[in-house]
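Hi everyone, thanks for having me.

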Amino acid sequence: MPVVGTVLVIILIVFILLILASCIKIVPQAQALVVERLGAYMGTWSVGIHFKAPLIDRVAKRVTLKEQVVDFAPQPVITKDNVTMRIDTVVFFQITDPKLFAYGVENPIMAIENLTATTLRNIIGDLELDETLTSREVINTKMRSSLDIATDPWGIKVNRVELKNIIPPAPIQDAMEKQMKAERERRADILRAEGEKKSTILVAEGHKESAILDAEAEKQAEILRAEAKKEATIREAEGQAQAILKVQQANADGLKMLKEAAADSAVLQLKSLEAFAKAADGQATKIIIPSDIQGLAGVVKAITEVAKDN
């Protein structure tokens, strides 16, 4: 009997130790525990060690405070121009209030998924196909704002919403591919036309510049020829002026020599006669000689005859 009592005591002690150990709770980083007492909310335990009353307290929910990512399956939506397409979304959310998250909605993830689908349908219903394909940022912003407001009573903050894929129907995809191909061909034709246009313009500008250079060269040649002709005329005129100047200088020197030699009138008349002789040298057929020179000629003839007799 004492042995049985000892075993019972040991079992009781082990049981008590197990109960006490279960009452010690250590909350790790980025987590929170929602605790109830007798079925009612008692408090939220954050990071650290905590103790709960045995049998009357229990951990109702363990909540992760990290940012979480949920990738929802593609949802069928209809655009404003009645095109049915499938869009899948990715939602980034974070739990900010563990109490509201534990008691706000039965299944928060399913609630967010359904809310995302309905919000997406409402937004896409106001857009046409082309706007849907080119307005991802606008759709993301509208969805994030709507979801954040709707999930706030659940203790959830929606940080970001992204449209992962937009999948239009196969006929629409074929039409889009044909349109894209036609657009590429049109751009290629435009680029070729612009290249040919620029080439033609460059060739024309080259011909124009060549013609301008030829005209400039011809003009310079004309100017050089005119300047050469002008220089030749000036030099010819200067030569004639120099010749006239030398003739006049020679005449002046002759008169000066006659004056210095005190030549009488007879010598002067002989000079005049020589000048007339030069003037009539084989060119004139008739020469009119002044009377005083004629008398002088007679005297010269008589002197010449006397000189011959002697």
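Let's begin with helix 3, where the buried residues are Pro108, Ala111, Ile112, Leu115, Thr116, Ala117, Thr119, Leu120, Ile123 and Ile124. Buried means under 20% relative accessible area, with exposed over 50% and partly exposed in between, using a 1.4 Å probe and protein chains only. Helices are DSSP runs of H or I with at least four residues, strands are E runs of at least two, and both are numbered from the N terminus.

This is a predicted model, so local features need pLDDT of at least 70 and side-chain atom pairs count only at pLDDT 80 or more, while totals for chains, interfaces and linings use all residues. Numbering starts from 1 along each chain as its sequence is written, and side-chain values use heavy atoms, leaving out hydrogens and water.

What do those buried residues of helix 3 pack against? Their partners include strand 8 (84-95), helix 5 (136-151) and strand 9 (156-167).

Now find Lys52, in the loop between strand 4 (48-51) and strand 5 (57-64). Lys52 is buried but has no salt bridge, meaning a side-chain nitrogen of Lys or Arg within 4 Å of a carboxyl oxygen of Asp or Glu. The nearest side chain of opposite charge, Asp57, is 6.8 Å away. Still, the backbone oxygen of Asp57 lies 3.2 Å from a polar atom of the Lys52 side chain.

Zooming out, the protein has eight helices and nine strands, and buried residues make up 20% of its 310 residues.

Key. Lys, Arg positive; Asp, Glu negative; His and termini not counted. Polar contact = N/O pair within 3.5 Å; in protein donor to acceptor, adjacent residues only side chain to side chain. Contact = heavy atoms within 4.5 Å.
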